[in-house]
Amino acid sequence: MWLLAAVLSAVFAGLTSILAKCGIKNTDSDVATALRTAVVLLFSWIMVFVSGSAESLTDVDSVSLLFLILSGFATGASWLCYFKALSAGDINKVVPIDKSSTVLSVLLAILLFGETGHLPAKLLGALLLAVGIFLMIEPKQNAVSRESRKACVYAAFSAVFASLTSILAKIGINGVDSTLGTAIRTCVVLLMAWLVVLLKKKQAGLKKISRKELSFIALSGLATGASWLCYYYALQNGIVSVVVPVDKLSITVTIIFSFLVFHERLSRKAFAGLCAMIGGTILLAILA
């Protein structure tokens, strides 16, 4: 059951990007992020009460709470940039850049936490990921459009904030139940997402969202929540070194669905990049 849960976690995570892309064709990305976060927040607190970790809420110390809040802000910034990137570019280009957060997280973990065990192999895994990302972010035959460049920039910022999320969460989650920590972080993300909407005066866009796109945004949030639910179940009951790589390979699921839904094909060069990313991810997971 735990292995099935890990596979479902990757499937739902892959579906998240596809459903999000469908939900922001005509909807402002900031508004879509705020709506999606509300659905994810509901899932997060359901996880807290189902796991029984709500009772330990009063035991969270001020230092852990501070880093969980900072992690939430980093997550919110990452999601806002990610949705901007998805609205402007192809999934096959945006997702690999976003996944480069794994490379940044590995390097930051080595520098900040002294995780130097198997260092040559870790650096090789990070290098494979970096090479794979470079191969997948290939320009089209014609000049790269302004929108495509904009998508790449937002995706890069998404990766930076995502890596900061992992580092800050690692500090904040110390001594705190992971499901409770996730729920606290999601509260911050929701607050940040709606604050951006209000500051940019985009709340009027809520009335313009079609039922179809609203449905896809909600489904994207449900997919994220379902992914987290399956992921934590798999971590709790299974082998971490197996669960983590299976979940990280959600990029494969995303690319398969992007071909089926949006007919976004991979060139031979991009396919080689995908294989390098898969190899690097598996190598890093084996060393975990």
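Biologist: Hi! How many aromatic pairs does the structure hold?

Modeller: Hello! This is a predicted model, and the structure holds one aromatic pair. The rings of Trp 45 and Phe 49 have their centres 6.3 Å apart and their planes at 40°, so the pair is tilted.

Biologist: Where do Trp 45 and Phe 49 lie?

Modeller: Both are in helix α2, which covers residues 29-51. They sit four residues apart, about one turn of the helix.

Biologist: And is Phe 49 buried or exposed?

Modeller: Phe 49 counts as exposed because its relative accessibility is 59%, and exposed means over 50%. Trp 45 is partly exposed, with a relative accessible area of 23%.

Biologist: Switching topic: what lies over the face of Trp 79?

Modeller: That's Arg 36, at 4.6 Å from the ring centre. Arg 36 is also one of the residues that Thr 224 touches.

Biologist: Now the inside. Which residues touch the most other members of the largest nonpolar core?

Modeller: Leu 86, Val 94, Ile 251 and Met 277, in a core of 34 residues. Helix α3 (residues 62-88) gives the most to this core, with five residues. There is also a second, separate core of seven residues, with Val 60, Leu 180, Ala 183 and Ile 184 among them.

Biologist: Back to Leu 86: what does it touch?

Modeller: Not counting residues up to four places away in sequence, Leu 86 touches Ser 17, Ala 20, Lys 21, Ile 24, Ile 91 and Val 94.

Biologist: What about helix α11, which residues are buried there?

Modeller: Ile 251 is one of them, along with Ser 250, Val 253, Thr 254, Ile 255 and Ser 258. Helix α11 has 13 residues, 250-262, and reaches 17 Å from its first C-alpha to its last, close to the 18 Å expected.

Biologist: And what follows α11?

Modeller: His 263, with a positive phi near 60°.

Note on methods
Residues are numbered from 1 along each chain as its sequence is written. This is a predicted model: local features need pLDDT of at least 70, side-chain atom pairs count only at pLDDT 80 or more; totals for chains, interfaces and linings use all residues. Side-chain values use heavy atoms; hydrogens and water are left out. Helices (H or I, at least four residues) and strands (E, at least two) are DSSP runs, numbered from the N terminus. The expected span of a helix is 1.5 Å times one less than its number of residues. Buried means under 20% relative accessible area, exposed over 50%, partly exposed in between (1.4 Å probe, protein chains only). Contact means heavy atoms within 4.5 Å. Rings of Phe, Tyr and Trp (its six-membered ring) pair if their centres lie within 6.5 Å; planes under 30 degrees apart count as stacked, over 60 as edge-to-face and the rest as tilted. A charge sits over a ring if NZ of Lys or CZ of Arg is within 6 Å of the ring centre and within 35 degrees of the ring normal. A nonpolar core is a set of buried Ala, Val, Leu, Ile, Met, Phe, Trp, Tyr and Cys residues joined through side-chain atoms within 4.5 Å.
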